[in-house]
Amino acid sequence: MTNLLEVQQASKRFGDFIALNDVSIKVPKGSIFGLLGPNGAGKTTLIRIINQITLPDTGSVFLDGEPLQPHHIKDIGYLPEERGLYKSMKVGEQALYLAQLKGLSKKDAKERLKYWFDKFDISHWWDKKIQELSKGMAQKVQFIVTVLHRPKLLIFDEPFSGFDPINANVIKDEILQLRDEGATVIFSTHRMESVEELCDHIALINKSNKILEGKVTDIKKEYKSNTFEVGLLSENILELQKTLSDKFVTEPADFKTIEDQLKLKISLDTNTTSNDLLKYLSEKGQVVRFNEVIPSVNEIFIKTITENE
Ligand code: ADP
Ligand code: MG
């Protein structure tokens, strides 16, 4: 798989403070790449470097194999964390102006804006002033302006902050669709909702350092621990629980059922397979649930950050 974007060993200081320490990332073409990390980790600094707003002290960035140059700006659609539109300008007028700055003709800009304003059901905002819009409404307009010129790389810095859950969902679906139409997407977030559904690749940044990067499925494979969640029907649940906890490493599992059953998470050593466990359990009771425990991105995020404290 080729990478659309590569950052190689980027570092950035502000005075004595190291905001980014030797950070490298590889963003595969056609991926949705989540740049995750707590507040202050360095995500926006890295995004500003990719957008040529900030120069790194050391390190380099490549877009489509070429060292980053000013002409690449037109290949990137960037939604900054600090959203800024001219408050006293009218929505339509401003959207047209910004679209033309990105190289679209007035005619194309109008057509595409009409498409997006209809899609988001906001055509009646066209003649409103930005200052009449709520934060979330203005953010929708800015999202449209970011994607309008169909750049090959889209970078959204905290795209969901400022949105209610319904509009966050609208934006999430649009991001998936833009990816399906061929764009590569990088987005940053300090909150883990939506990450699971959106990202196929992630990088985790903590305290200016990248501490984890890769394909989500590979990372999950690495972090899973041969643990299974089981539900068992038995005449004597307490006795079965004791038998199992004597033989395996167990902890209570928490899932909803309509009848009483023994609910456990069972961790196996590396020599024991799921089939071994299933065979054993089926001799002891009736197995009504059996699934492998796969860590969520949120659990991986918390675990990795705690280990790096
Ligand atoms: P994130 O986006 O992950 O929340 P940032 O990249 O915005 O983090 O910031 C990382 C750190 O760098 C923060 O401690 C922030 O205060 C500092 N920082 C960012 N930009 C500047 C700047 N222009 N001058 C001084 N410090 C900065
Ligand atoms: Mg930020």
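Mentor: Contact means heavy atoms within 4.5 Å. This is a predicted model, in which local features need pLDDT of at least 70 and side-chain atom pairs count only at pLDDT 80 or more, while totals for chains, interfaces and linings use all residues. Residues are numbered from 1 along each chain as its sequence is written.

Trainee: Which residues is Glu 174 in contact with, leaving aside its neighbours within four places in sequence?

Mentor: Trp 116, Lys 119, Phe 120 and Phe 143.

Trainee: Why is Glu 174 called buried?

Mentor: Buried means under 20% relative accessible area, exposed over 50%, and partly exposed in between, with a 1.4 Å probe and protein chains only. Glu 174 has 8% relative accessibility, so it counts as buried. Of the 309 residues in the protein, 44% are buried.

Trainee: What makes residues 165-180 a helix, and which residue lies there?

Mentor: Helices are DSSP runs of H or I with at least four residues, strands are runs of E with at least two, and both are numbered from the N terminus. Residues 165-180 form helix H5, and Glu 174 lies in it. The protein comes to 10 helices and 14 strands.

Trainee: Why is the protein called more spread out than a compact globule?

Mentor: The radius of gyration is taken over C-alpha atoms, and the globule rule is 2.2 Å times the number of residues to the power 0.38. For 309 residues the rule gives 19 Å; the protein has 24 Å, well over that, so it is more spread out than a compact globule. Its C-alpha trace spans about 75 × 45 × 35 Å along the principal axes.

Note on methods
Chains are lettered from A and ligands numbered from 1 in the order in which they are written. Side-chain values use heavy atoms; hydrogens and water are left out.
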